[in-house]
Amino acid sequence: MMSRLWLPLLVLAAAIIISYLLFGIAPYTISGDSMDPLLREGDVVLVDRVLWRLGGPRENSVMTFYDNGKTIVKRTVLLEKQSVKIDENYGIYVHDRYLPLNPQVDWAIEGGYLHIPENNYFVLGDNLSQSFDSRHYGLINKKRINGTVLGVLYHESGH
């Protein structure tokens with residue numbers, strides 16, 4: 001009796017794995033150098049488009065999201081429901097780095113703290129001097145996220 005159950009379970013498991021590999025993972029080619037030195041122009045990364053939704057992006061994970069029809073890659077540095085002290089010049093400290101923020105953005109500031117609302121994330125490029133990120137355009141809503149980077153499939157030569 002037990003041996004009859006193995007085959008359907010094995011077929012089901014294989015179908016789930018194949019479906020995930022076909023539809024849940026997608027390659028993406030990096031454009032620009034905002035994530036340098038980790039990711040450089042021409043690198044190809046694998047993006048998980050499904051499983052990240054179970055727990056949301058994690059702090060320090062590299063995510064992809066849409067911006068005006070273009071896929072953007074950045075690192076998640078502040079998660080939803082986190083707060084960080086903000087000074088009178090619209091500057092915050094994240095991981096011991098002082099980051100000036102765009103005062104034109106409608107930030108959620110209360111009591112001297114920048115609050116990250118639910119379903120929103122503060123993202124940065126690793127190469128801060130070349131990155132256009134949350135410091136400039138504000139938070140990323142969860143609806144715009146399309147996945148998290150699993151790893152590098154191909155490094156462009158010269159790395």
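## Close-up views of a predicted model

**View 1. The largest pocket and the strands beside it.** Strand S3 (62–67) and strand S4 (70–78) each put at least two residues into the lining of the largest pocket. Keep in mind that this is a predicted model. S4 gives the most to that lining, with five residues. In total, 18 residues line the pocket.

**View 2. The open sheet, strand by strand.** Here you can trace seven strands that form an open sheet, in the order S1-S2-S12-S3-S4-S10-S11. The pairing is antiparallel. Which strands are the edge strands? They are strand S1 (25–29) and strand S11 (140–141), each of which pairs on one side only. Zoom in on S11 and you'll find that its pairing with strand S10 (residues 120–124) is antiparallel and runs over two bridges. To spot this pairing, find asparagine 120, which stands opposite asparagine 141 in S11.

**View 3. The largest nonpolar core.** This core has 14 residues, and Leu78, Ile92, Leu101, Leu114 and Phe122 touch the most other members. S4, strand S6 (91–94) and S10 each supply at least two residues of the core. Now pick out leucine 101 and look around it. Leaving aside its neighbours within four places in sequence, leucine 101 is in contact with Ile86, Tyr90, Gly91, Ile92, Trp107, Leu114, Phe122 and Arg135.

**View 4. Valine 50 in its loop.** Valine 50 lies in the loop between strand S2 (44–48) and S3. Setting aside neighbours within four places in sequence, valine 50 is in contact with Tyr20 and Gly24.

**View 5. A cis peptide bond.** Here's a backbone detail to look for: aspartate 36 and proline 37 are joined by a cis peptide bond. Omega for this bond is about 15°. Proline 37 is found in the loop between S1 and S2.

**View 6. Two asparagines with positive phi.** Asparagine 60 is not a glycine, yet its phi is positive, at about 80°. You'll find asparagine 60 in the loop between S2 and S3. Asparagine 68 is another residue other than glycine with a positive phi, this one near 55°. Its place is in the loop between S3 and S4. How exposed is asparagine 60? With a relative accessible area of 47%, asparagine 60 is partly exposed. Asparagine 68 has a relative accessible area of 79%, and exposed means over 50%, so asparagine 68 counts as exposed.

Terms used:
Residues are numbered from 1 along each chain as its sequence is written. This is a predicted model: local features need pLDDT of at least 70, side-chain atom pairs count only at pLDDT 80 or more; totals for chains, interfaces and linings use all residues. Side-chain values use heavy atoms; hydrogens and water are left out. On a 1 Å grid over the protein atoms alone, a cavity is a set of points where a 1.4 Å probe fits but cannot get out, and a pocket is an open set with protein on both sides within 12 Å along at least five of seven lines; lining residues have an atom within 4 Å of a point. Helices (H or I, at least four residues) and strands (E, at least two) are DSSP runs, numbered from the N terminus. Two strands pair if DSSP finds at least two bridges between them. Contact means heavy atoms within 4.5 Å. Buried means under 20% relative accessible area, exposed over 50%, partly exposed in between (1.4 Å probe, protein chains only). A nonpolar core is a set of buried Ala, Val, Leu, Ile, Met, Phe, Trp, Tyr and Cys residues joined through side-chain atoms within 4.5 Å.
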